[in-house]
Amino acid sequence: MIDARPAVEQVQAAFTQAITEVCAVHGVPMLRVKKQDLPTVAHFLHTNPGLRGSLSLLWAVDHRPREARYELCYLFTLAERKDWLLLATDLHGDEREFPSITPHLHAAKWYEREIRDLFGLVPIGHPDLRRLVRHEHWPKGSHPLKRDFPWDRVLGRVQGEYAFRKIHGEGVFEVPVGPIHAGIIEPGHFRFSVAGEPIMQLEVRHFWKHRGVEKLFEQQQLTEAVPLSERVSGDTSVGHSLAYCQAVEMLQGVEVSPRARYLRTLFLELERLHNHIGDVGAICNDTAYALAHAHCGRMKEQLMQLNDRLTGSRFLRGVNCVGGVALDLSGLQLAQVEVELNALEQDFSDIEKIVFANASLTERLENTGILTEGIAWDHAVIGVVGRASGIDRDLRRDRPFAAYDVLQPRVALYRYGDVRARMRVRLDEIHESIRLIREVRRGLPLGRLVSRPMHQPQPGAWALSAVEGWRGEILYVVMAGDAGRIHRCKVRDPSFVNWPAIQWAALGNIVPDFPLINKSFNLSYAGNDL
Amino acid sequence: MQSFIPIVLVVVQLALLLALSPFVVGLIRKVKARLQCRRGASLFQPYADLAKLFRKQPVISSTTSWIFTAAPYIVFASTVAAGLLMPVFVSHTPLNFAGNIIALVYLLALGTFFLILAGLDAGSAFGGMGSSREAIVATLAEPAMMLSILSIALTAGSTNLSTIVHQSALMEGVVVAPPAHLMALAALFIVTLAETGRVPVDNPATHLELTMIHEAMLLEYSGRYLALMEWAAGIKLLVFLTLIVNVFAPWGIATSLAPSAIAVGLLVYLGKVAALALVIGVIESMFAKLRLFRVPEMLGAAFILSLLALVFFYTLKG
């Protein structure tokens, strides 16, 4: 199945010279493009009114030792039917440079810097070639995702300083915040340039907790890396492990049983539920409205205890496995889930009413941290943040996985792009999650939990999988290596895409409103830093 | 024997201010916790916190000057001194001779001034932000506070707090204009929330450095210096609460030095302060914090209210 045939034909017709090969990877059409033509093709895909492709992922693969080439892959999501389209290009032999597409597509900005840091490939024409992942204390020439870089090498420490963008002028101050904070927050550095209270510029400097996750994947067997994927971002265990498992299942040709698909849906929605409820409370707490925070905290705790009773893990770890799910739920357990969720929904609706009725709270949330639809589109913003800014994308509907083809979730969409819109997306999704869990209980088919693999993947075979986690689109690219090992695993948490956008949402707001804006995005630092 | 009584009163009032202030802080926290369906920390937790801080070794940034280490003592001393200039449970002020209500207001302002300097002293970005915000709040709160107190002083015909409280406790024609009285009360209450860093102006419970006002100025403090600052903040809160209850609801305060009158005065005072702390706790649970640039609007409203109180006083007295 090739799902974007008209688009492929359109691009082929426009660039007969540039395209060297057309193929399909697990149903996703892939155009191999000559290196020098890449920016024009990407620009065409992005701006052509019939295509309006949004860059969803950009990753590199080092094919050594099998072949002496690097491959760059660009995944586009087309606007109309949310079809996927892949562009690919190769760097042979000693080539270390590729043309940057960032001047045409903002969304490629961080991806290209990441590739430069981790592979040592230089995007020519990139407007901002400061280091992103590799902080300045990493020695020159250390690019950990090159195949000849040993995973356990201990790096020395060198001196270096990140050049923040400066704003000069009378009364302009810089306010550095983090990476160590007063509260229990992950490490991230925010550099504000302010004139009085209004923010003139915000620069986000992350990647303080680079753990080498992608390198660690390469040391693992395909079937054994699920626990690692669960720990990419601790609050998204199900989302990440599901995306990983799906990719491996595609490689092994596993047909997951309907029962396992339903159970995966249930766990994914449980994860969405407790995180969203926690977020609603945290947003209220940042306006000093502690009442809603206390109650949302209580409900989140109830849900996590429910998780614990169902699976033995408050964070739903160990639920997914390659081929299906690792544990079953009895009819009695499911009935209990429904009873608890019914009570919880009633409880939550009461809080919702109180929150909506509170004028002082609404006043804080409205018009704060507006991310306009245009900027959201330019930066390919996704997930909750995107849906609050009019970006109508949800993989559960657009590219159904697990049991979503049957369950058909309703997608929340708001256009104001302020903190309140982001909270309302969450509120709607909380109710929708509860509805979906009820549907799962009603329709849960019988069947086995784990399906056997049909075949072992050839070295070099790869698959792309996507899951709509509670933050947004989680993408995994898994490429098989020799002897059942992983050759390359690209992990993309939605936070990596949405972090740059927060710099725009904060502009023109006052400094004391930034924590509120940040909380309404609630992005992962671990999932971003990898 | 008689001449000892004022000295005893000073000591008792001082002890009361020092001992009661952490309790008031704990009480407000408890009220908030209960309203959130939480059990909350013990009412005496602030005492334990202070004791712990006093035992800890302070860490002082090498970029600070003498102001940084002197400020906690100045803030603490000026706040305590302000507390001694007003009647607490006896309408006679122990240090009656030393100053009137204007002295009280400016003793508190002296503390605020040094607090602002201390926030700037370490040269951290957060301290500077806190100081700049505190300066806005303090400048706008001060006129509202002065006017509201002035309207009461005019009614009593004296700026001496002891006289004001004594007269109104005996109901000697102080409440000639109840609307003026109510408006002045509302103004002073708003000023209290702003000056003591409560919701909706500041959030004493936050860990978000970027949103802080009062806490941001204290970020660099530790050990006994932090303890003094925290304690002074508690005393300041108690001073404001005492000012409100005694000026606007002085009923029950001891107007003589008879032991029975003093006992009743003390009990009534404790009850009234507890009730007011309850009100603050409820307000903190009901409202979100104001956006920073809305704070001047709220303090502006307080100023208008106190101005109206003055106008009403003159027109109704008429």
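In this predicted model, the centres of domain 1 and domain 2 of chain A, taken over C-alpha atoms, sit 34 Å apart. Those two belong to a three-part assignment for chain A: domain 1 covers residues 5-124, domain 2 covers 172-205, and domain 3 is made up of 213-320 plus 331-529. UniProt, in an unreviewed entry, puts the feature "domain: NADH:ubiquinone oxidoreductase 30kDa subunit" at residues 32-152 of chain A. That span, residues 32-152 of chain A, is 17% helix and 29% strand, and 34 Å lies between its end C-alpha atoms.

Turning to where the chains meet, 23 residues of chain A are in contact with 24 residues of chain B. On the chain B side, α1 (4-35) and α5 (125-156) each put in at least two of the residues that touch chain A. Sorted by class, this side of chain B comes out as 13 nonpolar, six polar and five charged residues.

Within chain B, two helix pairs are worth a look. In one of them, helix α3 (residues 66-84) and helix α4 (residues 101-121) of chain B pack with their axes 8 Å apart, at an angle of about 160°. With angles over 145 degrees counted as roughly antiparallel, that angle makes α3(B) roughly antiparallel to α4(B). The crossing of α3(B) past α4(B) is left-handed. From α3(B), the residues that meet α4(B) are B:I67, B:F68, B:A71, B:I74, B:V75, B:S78, B:T79, B:A81 and B:A82. Their partners in α4(B) are B:L104, B:L107, B:L108, B:L110, B:G111, B:F114, B:L115, B:L117, B:A118 and B:D121.

Technical notes:
Residues numbered from 1 in each chain as written. Chains lettered and ligands numbered in written order. Predicted model: local features only at pLDDT ≥ 70, side-chain atom pairs only at ≥ 80, totals over all residues. Axes fitted to C-alpha atoms, helices over the stretch in contact; angles between N-to-C directions. Helix = DSSP H or I, 4+ residues; strand = E, 2+ residues; numbered from the N terminus. Parallel < 35°, antiparallel > 145°, perpendicular 65-115°, else oblique. Left-handed = near helix turned anticlockwise from the far one by under 90°. Contact = placed C-beta atoms within 7 Å. Nonpolar A, V, L, I, M, F, W, Y, C, P; charged D, E, K, R; others polar. UniProt positions renumbered as here; feature names shortened; annotations may be inferred. Domains from an automatic or database assignment.
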